[in-house]
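The structure is shown first, and the findings follow by topic.

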Amino acid sequence: MINLDDDIILANNMRKRAYTKYSGYNVGAVLKTKNGKKYTGCNVENNGIQSICAERVAFCKAISEGETEFERILVMGGPKDKEPEKCLPCGYCRQFMSEFVDKDFKIFTVYDGKIEEYTIEELLPNSFEI
Ligand code: ZN
């Protein structure tokens with residue numbers, strides 16, 4: 001099992017930066033590239049236009065820095081100032097990520113002292129056929 005301790009700290013710190021005036025639901029994400037770099041994200045809400053999830057913030061930061069190869073993402077979310085609960089990427093984020101990753105790209109979520117691991121293929125079936 002890979003050690004996610006650093007990512008968990010980073011994700012929790014990112015949750016504190018989330019701008020969640022409307023939902024009060026704070027999410028942090030840590031994206032790791034195949035070359036070992038990490039890019040963080042938090043959700044940023046907006047009144048009137050679509051809010052941006054932590055996962056897509058992390059991906060856009062990485063892509064804008066020239067990254068193209070991604071290994072895994074860790075996502076932690078829950079009500080502001082509360083412990084994380086089970087939080088997986090929304091359908092929009094799953095579809096977004098699938099553009100940039102292989103079918104074995106790993107998605108982790110951590111809550112209640114548990115680490116759950118998925119692949120993008122498991123969370124977005126039918127998108128990796130051919
Ligand atoms: Zn999302």
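Predicted model: local features only at pLDDT ≥ 70, side-chain atom pairs only at ≥ 80, totals over all residues.

The residues lining the largest pocket comprise seven charged, three polar and four nonpolar ones. The zinc ion in the model has Cys53, Cys90 and Cys93 as its protein donors.

**Largest pocket**

- The volume of the largest pocket is about 270 Å³.
- Helix H1 (5-17) and strand S4 (106-111) are the elements that each contribute two or more residues to the lining of this pocket.
- H1 supplies three lining residues, the largest share.
- In total, 14 residues line the largest pocket, and those nearest its centre are Asn12, Arg15, Lys82, Glu83 and Pro84.

**Zinc site**

- Each protein donor to the zinc ion is an SG atom, belonging to Cys53, Cys90 or Cys93, and these atoms lie 2.2 to 2.3 Å from the ion.
- Along the chain, the donors of the zinc ion are spaced as C-x36-C-x2-C.

**Cysteines and disulfides**

- A disulfide is a covalent bond that joins the sulfur atoms of two cysteines.
- How many disulfides does the model contain? The count comes to zero, the criterion being a pair of cysteine sulfur atoms within 2.5 Å.
- For Cys60, the closest cysteine sulfur is that of Cys93, at 9.5 Å, so the two are too far apart for a bond.
- Cys60 is partly exposed, because its relative accessible area is 42%.

- With a relative accessible area of 24%, Gly24 is classed as partly exposed.
- Which residues does Gly24 contact, apart from neighbours within four places in sequence? Gly24 is in contact with Gly78, Pro79 and Lys80.
- Gln50 is 26 residues from Gly24 along the chain, and the C-alpha atoms of these two residues are 16 Å apart.

Notes. Residues numbered from 1 in each chain as written. Heavy atoms only, no water. Donors = N, O, S within 2.8 Å, 3.2 Å for Na, K, Ca; no water. 1 Å grid on protein atoms, 1.4 Å probe; cavity = no way out; pocket = protein on both sides within 12 Å on 5 of 7 lines; lining within 4 Å. Points joined across faces, edges and corners; volume = space filled by probe spheres on them. Helix = DSSP H or I, 4+ residues; strand = E, 2+ residues; numbered from the N terminus. Nonpolar A, V, L, I, M, F, W, Y, C, P; charged D, E, K, R; others polar. Buried < 20%, exposed > 50% of the residue type's maximum accessible area, 1.4 Å probe, protein only. Contact = heavy atoms within 4.5 Å.
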